[in-house]
Amino acid sequence: MPPLLVAADSAYLELPPALPLGLGSTPVDREVAFPPGTGLLLYTDGLVENRALSLDDGLAALRRTCDALPAAARSDPQRITERALELLNTPDRVDDDAALPAATAEPSRRTGDSQTDRSAIQPTATARSRC
């Protein structure tokens, strides 16, 4: 699934296809600049696709849902994942597993030193399973 850059005008990142996280033996590195006040949402297909919802409709709904976040919430991984999880409450939805790691960066804390800047990333992860 394409990562979603959560901003005033959220957009899916266009990245070359790769194996899902945890599969394959070759690590994949991608570098993406985070404009101030934005977040990054990763998710599994269980959030955006099921028998009652096409993938295209699910991706469009996720983008609209995250676009509606207030500016202050776009820099809060917990609020990003809480908003995205609202998609699981769609009427007639068939339940599926969903995992949603999110991260934001605080640009004011960036120093240019990669070891120091790691502390500027604020991650959160949410996993939800419904049977």
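Guide: Let us begin with a term: a salt bridge is a side-chain nitrogen of Lys or Arg within 4 Å of a carboxyl oxygen of Asp or Glu. This is a predicted model, in which local features need pLDDT of at least 70 and side-chain atom pairs count only at pLDDT 80 or more, while totals for chains, interfaces and linings use all residues. Residues are numbered from 1 along each chain as its sequence is written, and side-chain values use heavy atoms, with hydrogens and water left out.

Visitor: How many salt bridges does the count come to?

Guide: One of them joins Arg 63 and Asp 9, whose closest N and O atoms are 3.2 Å apart. Arg 83 forms a salt bridge with Glu 86, and there the closest N and O atoms are 3.5 Å apart. By the rule given above, the count comes to two.

Visitor: How many residues apart in sequence are the parts that Arg 63 and Asp 9 tie together?

Guide: Helices (H or I, at least four residues) and strands (E, at least two) are DSSP runs, numbered from the N terminus. Arg 63 lies in helix α2, whereas Asp 9 lies in the loop between β1 and β2, so the parts that this pair ties together are separated in sequence by 54 residues.

Visitor: Is Asp 9 buried or exposed?

Guide: Buried means under 20% relative accessible area, exposed means over 50%, and partly exposed lies in between, using a 1.4 Å probe and protein chains only. Arg 63 has 31% relative accessibility and therefore counts as partly exposed. Asp 9 has 56%, and so the class for Asp 9 is exposed.

Visitor: Why do the buried residues of α3 line one face of the helix?

Guide: The buried residues of α3 are Pro 77, Ile 80, Thr 81, Ala 84 and Leu 85. An α-helix has 3.6 residues a turn, so residues three or four places apart point the same way. The arc is taken from the directions from the helix axis to the C-beta atoms. Seen down the axis of α3, the buried residues line one face because they fall within an arc of 130°.

Visitor: Which residue's backbone oxygen does the side chain of Thr 104 reach?

Guide: Thr 104 is in strand β4, and with 0% relative accessibility it counts as buried. The side chain of Thr 104 reaches, at 3.3 Å, the backbone oxygen of Ser 75.

How values were computed:
Polar contact = N/O pair within 3.5 Å; in protein donor to acceptor, adjacent residues only side chain to side chain.
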